[in-house]
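Please open the structure in your viewer and keep the selection tool at hand.

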Amino acid sequence: MRLNHAFVAAVLMLLLTGGRGFAHCQIPCGIYDDATRFTLMSEHVTTLEKSMKQIVELSKDPAANANQLIRWVTNKDEHANQLTEIVTYYFLAQRVKAPAKDAGDAAQKSYVKKLELLHGIIVGAMKAKQTTDLAQIETLRTLIHDFEDVYTGEQGHSH
C-alpha cells in the first residue's frame, strides 16, 4: 500500500503544529461562539493584570526572583499575544463585516466604531507588553466592554 506524500505531509503538519493555540481557525468552518471569545478576552486581561502585579512585587528583589520575573514577563507577553489573536483572527478576519455600499450612514459609522475599538484593543495589548502600568488594564477592560456592547447589540446576542 502506497501512502500519498501530500497526505503524509498534511498529517505531519497537523501533529507538529497541533500544540499551538489559535483564537480560531482560518478556514470557513462556520463555528462561532462570540460569548466564549469575550470571556477569553476578559481572562487574558485579568492574567495581564496579575502578571503586572507579580512583576512589580518580584522586582523588589530582582536578584532573588530573577527566574520568576522572567516567567511572569513571558506570561504577560503570551496573554497579550493571545488577546491580539482573538481580535485579529476571530473578530477582524471573520466576524466584523464591512457593510454593503448602500447600507447607509448608520451601518458605516457602526463598522468604523467596531474597527476603532478593535484597533484600540490591539494597541492596548501591545502597550501592556511594554509596561506594568495598571492603567493599561483599565483601558483594555473599557475597550473590550465597549466593543462587546456595540458588537452584541447589533448581532442580537446576549452578553
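Predicted model: local features only at pLDDT ≥ 70, side-chain atom pairs only at ≥ 80, totals over all residues.

Begin by selecting R37, which has its place in helix α2. R37 is buried, its relative accessible area being 10%; here buried means under 20% relative accessible area, exposed means over 50%, and partly exposed lies in between, with a 1.4 Å probe and protein chains only.

Residues are numbered from 1 along each chain as its sequence is written, and side-chain values use heavy atoms, with hydrogens and water left out.

**The whole chain**

Helices (H or I, at least four residues) and strands (E, at least two) are DSSP runs, numbered from the N terminus. Of the 159 residues of the chain, 30% count as buried.

**Helix α2**

Select residues 34-58, which form helix α2. This helix has 25 residues and reaches 36 Å from its first C-alpha to its last, close to the 36 Å expected at 1.5 Å a residue; the expected span is 1.5 Å times one less than the number of residues. Among the buried residues of α2 are F38, M41, V45, L48, M52, I55 and L58.

Step back to Y32, in the loop between α1 (5-17) and α2. Y32 counts as partly exposed, at 33% relative accessibility. From Y32 to R95 the C-alpha distance is 8.6 Å, although the two are 63 residues apart in sequence.

**Salt bridges**

How many salt bridges does a search of the whole structure find? The search finds six, a salt bridge being a side-chain nitrogen of Lys or Arg within 4 Å of a carboxyl oxygen of Asp or Glu.

Because D34 lies in helix α2 and R95 in helix α3 (residues 66-95), the pair ties together parts that are 61 residues apart in sequence. Both D34 and R95 are buried.

Next, select E49 and R141, whose side chains meet in a salt bridge of 2.8 Å, N to O. R141 lies in helix α5 (residues 135-155) and E49 in helix α2, so this pair ties together parts that are 92 residues apart in sequence. R141 is partly exposed, with a relative accessible area of 28%, whereas E49 is buried, with 17%.

**Helix packing**

Two packed helices are described by the angle between their axes and the distance between the axes. Show α2 together with α3: their axes come within 9 Å and cross at roughly 160 degrees. Axes are lines fitted to C-alpha atoms, for helices over the stretch in contact, and angles run from 0 to 180 degrees between N-to-C directions. The angle makes α2 roughly antiparallel to α3, a description used for angles over 145 degrees, while those under 35 count as roughly parallel, 65 to 115 as roughly perpendicular and the rest as oblique.

Then show α3 with α4. These helices pack at an angle of about 165 degrees, with their axes 8 Å apart, and are therefore roughly antiparallel.

**Helix α4**

The buried residues of α4 include L117, L118, I121 and A125. Is D105 buried or exposed? D105 is exposed, with a relative accessible area of 51%, and K109 is exposed as well, with 55%. D105 forms a salt bridge with K109, the closest N and O atoms being 3.2 Å apart. The two residues are four apart in helix α4 (residues 105-130), so about one helical turn separates them.
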